[in-house]
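Please keep the sequence and the model at hand while reading.

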Amino acid sequence: MRWHCCANMNAIVPLLSPSTDGRTMGEISTTTSLPIAIYFLILLSAIGGFLFGYDTGVVSGAMILVREDFKLSIEWHELIVSATIAAAMLAALVAGPASDRFGRRPVILCASLVFLAGALVMGAAPEKVTLLVGRIIVGIGIGFASMAVPVYLSEVSPVEMRGRITVVNNIFITGGQVISAIVSGIFSEVAMGWRYMLGLAGLPALLQLIGSAFMPESPRWLISQGRDPEAMQVLEKIRPKDANLMNEIELMKAALADDSKQRGLREVLSSAPVRQALLIGSLLQLFQQISGINTVMYYSASIITMAGITDKSLAIWLSAATSSMNFFGTFLGLWLVERLGRRSLTLGSLLGTMLSLFVMALTFQIAYINSPRVNFPNSDSHECFADSCGVCTSKSSCGYCFMGDQNDILNSTCLATNETSYNEMSMTGWCSNSTLLDDGQVTFAYDWCPYKYAWLCIMGLALYLLCFSPGMGPMPWTVNSEIYPGWARATCTSITTSINWTANLVVSLTFLTLTELLLKHGVFYMYMGLAGLGLAIFFFLLPETRGVPLEDMENLFSRPLSSRFRR
């Protein structure tokens with residue numbers, strides 16, 4: 001199929017131009033600029049990343065309104081949020097075999113179609129069961145896209161640009177999170193605003209669905225199917241005119257020579273180089289989730305509130321500013337990935353992540369130790385009997401109710417929360433009076449305590465995002481899209497993507513329990529330790545893959561461990 005591009009991509013061309021530091025190891029290194037078609041292709045396929053980011057970001061803002069309109073219980077709230085993660089985990093496992101059999105392009109096309117259907121179902125949901133179905137449908141689309149898009153981008157990219165192009169997908173993910181925060185802020189005061197928040201995701205899905213009809217298939221997949229002339233036609237459109245296309249095709253064919261005999265999980269596990277690559281890829285996806293990113297984002301609102309900002313609208317916009325930092329930090333990764341390399345960027349990111357988690361953990365610990373006292377202990381409730389705000393708010397069923405300003409507390413007590421109000425007021429006492437709460441005469445602090453040095457935690461939050469977003473944000477996806485030989489790429493990427501979603505789900509389901517057992521600072525210390533463990537593991541195991549052609553990855557992992565770092 002012939003396809004054309006007339007979009008103006010001049011804005012992103014400079015960032016994606018081949019680096020002079022790139023190494024080709026046998027592939028042609030071009031000095032001329034790439035055709036505009038490749039940039040259009042990158043933009044179109046990375047919309048899947050935008051949908052991924054938008055949905056994961058918009059759900060928190062939308063659920064605030066949904067739970068009021070549908071009178072959701074805590075269990076239903078958690079089910080609706082977690083259903084998408086579980087569906088994405090299972091869909092990612094299916095996407096690997098599907099992309100091997102039918103091609104990368106049909107899976108991306110299917111992801112767009114499914115996501116569009118899910119957005120329409122969510123936006124029009126008349127009750128909670130339909131909304132749950134919509135969330136599951138969207139999860140399937142996210143699972144397909146999160147597996148297929150990075151693989152597709154790595155396979156259409158020139159070797160000297162592969163890292164940057166794959167990072168673009170993460171820029172779209174974090175960009176989707178920023179847009180979702182802005183959309184949440186705009187529609188937070190609109191009646192049934194959650195319908196717009198969830199339904200608007202259908203627009204980029206529709207755009208990708210239309211554009212996917214003109215996307216070419218991955219040339220590597222075409223060659224694996226014996227369709228060499230079609231692969232040549234695709235390469236002619238996405239490579240410079242002076243590129244040695246025959247040499248590139250021969251390299252692909254040589255790497256795929258024995259593929260017909262090497263497919264499936266059994267063959268993956270029986271190959272020592274692929275098995276080692278799969279271990280590293282799985283650990284990267286695991287440590288991305290257990291190094292605290294979801295916990296930090298979850299607590300960003302609490303950190304902002306702890307700093308003295310209680311206005312909901314302002315908190316939403318400040319949350320958007322937090323997402324923006326994550327977004328712009330990914331551009332730093334785009335700039336550094338072909339200069340420092342994947343290994344250095346990952347290790348540096350984990351080191352910075354450790355230090356910033358320590359700052360946040362220490363701040364939460366000091367805030368807990370020096371939290372305001374309870375003037376009137378609640379002797380009527382054994383569960384909520386506490387002598388300080390820190391002890392009170394460490395219990396999920398209690399909140400700190402106080403009169404006066406955060407810096408000048410007059411009276412305070414610890415009261416049981418009213419779950420039907422989603423912990424915004426207490427069951428009894430001063431903070432059960434909505435008039436007093438609305439007038440600001442009393443404040444009900446659930447999950448946070450007033451602390452005059454909360455700016456230290458905000459600094460730790462900013463430092464964390466600055467360190468995480470260029471490295472541990474995009475590198476697990478970048479490395480996983482390139483370290484496997486062609487015959488195992490879809491299967492292994494499917495497995496590692498599913499591990500990412502599984503870890504995401506486990507962290508989400510255990511988070512509140514861990515917080516009660518270890519307290520906030522204990523959880524952050526735990527994640528700091530896990531980030532340190534990841535740093536040690538990747539220091540000894542993670543090779544540098546910058547400049548290595550996809551066809552040579554199996555050879556890289558066949559070499560002795562010490563020689564893999566010499567890039």
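A residue is called buried when its relative accessible area is under 20%, exposed when that area is over 50%, and partly exposed in between, using a 1.4 Å probe and protein chains only. By that criterion S180 is buried, with a relative accessible area of 0%. The model is predicted, so local features need pLDDT of at least 70 and side-chain atom pairs count only at pLDDT 80 or more, while totals for chains, interfaces and linings use all residues. Residues are numbered from 1 along each chain as its sequence is written, and side-chain values use heavy atoms, with hydrogens and water left out.

**Overall fold**

- The secondary structure of the protein comes to 22 helices and three strands, where helices (H or I, at least four residues) and strands (E, at least two) are DSSP runs numbered from the N terminus.
- Of the 567 residues of the protein, 57% count as buried.
- Among contacts with a separation of 6 or more, 78% are accounted for by residues 24 or more positions apart, a contact being heavy atoms within 4.5 Å.

**Packing of α2 and α5**

- The axes of helix α2 (residues 36–69) and helix α5 (residues 128–156) come within 10 Å and cross at roughly 150°; axes are lines fitted to C-alpha atoms, for helices over the stretch in contact, and angles run from 0 to 180 degrees between N-to-C directions.
- That angle makes α2 roughly antiparallel to α5, given that angles under 35 degrees count as roughly parallel, over 145 as roughly antiparallel, 65 to 115 as roughly perpendicular and the rest as oblique.
- α2 passes α5 in a left-handed crossing, meaning that the near helix is turned anticlockwise from the far one by less than a right angle, whereas clockwise would be right-handed.
- The residues of this contact of α2 with α5 divide into 15 nonpolar, three polar and two charged, where Ala, Val, Leu, Ile, Met, Phe, Trp, Tyr, Cys and Pro count as nonpolar, Asp, Glu, Lys and Arg as charged, and the others, Gly among them, as polar.
- Residues of α2 in the contact include F52, D55 and V59, and those of α5 include R135, V138 and Y152.

**Packing of α16 and α19**

- Helix α16 (residues 342–369) and helix α19 (residues 455–468) pack at an angle of about 165°, with their axes 8 Å apart.
- That makes α16 roughly antiparallel to α19, and α16 passes α19 in a left-handed crossing.
- The residues of the contact of α16 with α19 divide into twelve nonpolar, six polar and no charged; among them are G352 and M360 in α16 and G460 and Y464 in α19.

**The sheet**

- Three strands form an open sheet in the order β2-β1-β3, with antiparallel pairing, where two strands pair if DSSP finds at least two bridges between them.
- The edge strands are β2 (408–416) and β3 (442–445), each of which pairs on one side only.
- Strand β1 (residues 398–405) pairs with β2 over seven bridges in the antiparallel sense, and a hairpin joins β1 to β2 through two residues.
- C398 has A416 in β2 as its bridge partner, and G399 stands opposite L415 in β2.

- S180 has its place in helix α6 (residues 162–187), and S180 touches G53, Y54, G57 and V58, not counting residues up to four places away in sequence.
- The buried residues of helix α8 (residues 202–212) are G202, P204, A205, Q208, G211 and S212, and what covers them includes α2, α4 (104–123) and α7 (193–199).
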